[in-house]
Amino acid sequence: MDFRLLEYFLAVCEELHFTKAAVQLGISQPTLSQQIRLLEERVGMPLFQRIGKRNYLTEAGQTLKEHALNIFHELEQAQSEINELKGMQRGRLTIGCSGNHLLTRTLISFHQKQPGISISVVELATEETRAGLLANKLDLGVVFLPLEDEQLVSKELYTEELCLAVAKQHHLAAAEAVKLDQLTEVPLILFPEKFLVRQMVDSYSAQAGVQLQPAFELSTMDSMLQMVRLGVGATILPRSYLLQGSDPSIRTVPIVEPVPQKKVGIVYRKQTFLSTAMLAFINELIRTFSTSGTESV
């Protein structure tokens, strides 16, 4: 089977729209449609079906997509191993992370040692990182654990705690610690429910016998802290993030009885070829966290 046909097929799988996929590939829409028809003739079954104005994968299409992704993954792995044999000193790593602040020191120290390796860090929810790893769109993830999947390998780095962040003029700013039941009447700015930090907040609140209803749901930690600075309310964020700066307008207050906490670690696919660059970055992460507890402390 022609690899080019598989590339066209995967582009349509990603967009589920022939015109958009054609633009992505740099070919005309009629040409793409013709190539997909040729592929369907070769496999002997339709790969897409159109319902209304939308395209959907057929069962045969889903099967081919899974195998095509594995084929291209294996080709990338082969190229990585060949590059190792050639002694290539350049390369690229793509990392999904539950918070870019977790990688700051590691990125700096790794770049000083391996300046030829470019790194792209994408801030993602834990489940989004898992999906990216399984789709071979990411090389590594730094996420909350456990991340249960038989196709992934996990290595613990440290234990993260959640803390309350309030403006310095807030009535809880001087507290040594707070319990979750003290926050039921406080306007809260929290992550949407798909984020694991929010799931932790909800889980630990249930353990404490309370239900916290956010006044606002925002998807970035920077935007949540901006709302706190403006006196809109309080937020609950990872301790490592809150301690990374020295913002005099914000107070960090520990949460107790219980302390919301979870392991943070590295994840990658079992079948991934661990290149020299990838191993070096993993080792640098472990070294950084073992010497400082968390990156930002």
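At what angle do the axes of helix 1 (residues 3–15) and helix 3 (residues 29–43) cross, and within what distance do they come? In this predicted model, local features need pLDDT of at least 70 and side-chain atom pairs count only at pLDDT 80 or more, while totals for chains, interfaces and linings use all residues. Residues are numbered from 1 along each chain as its sequence is written, and side-chain values use heavy atoms, with hydrogens and water left out.

**Helix packing**
- The two axes, lines fitted to C-alpha atoms over the stretch in contact, come within 10 Å and cross at roughly 110°, which makes helix 1 roughly perpendicular to helix 3 (65 to 115 degrees, on a scale from 0 to 180 degrees between N-to-C directions).
- Contact (heavy atoms within 4.5 Å) is made by Arg4, Leu5, Tyr8, Phe9 and Val12 of helix 1 and by Leu32, Gln35, Ile36, Leu38, Leu39 and Arg42 of helix 3.

**Nonpolar cores**
- A nonpolar core is a set of buried Ala, Val, Leu, Ile, Met, Phe, Trp, Tyr and Cys residues joined through side-chain atoms within 4.5 Å, where buried means under 20% relative accessible area with a 1.4 Å probe and protein chains only.
- The largest such core has 58 residues, of which Leu164 and Ile236 touch the most other members, and strand 6 (residues 152–167), a DSSP E run of at least two residues, gives the most to this core, with 7 residues.
- Apart from this core lies another, of 19 residues, among them Ala11, Ala22, Leu32 and Leu64.

Conventions: Buried means under 20% relative accessible area, exposed over 50%, partly exposed in between (1.4 Å probe, protein chains only). Helices (H or I, at least four residues) and strands (E, at least two) are DSSP runs, numbered from the N terminus. Angles under 35 degrees count as roughly parallel, over 145 as roughly antiparallel, 65 to 115 as roughly perpendicular and the rest as oblique.
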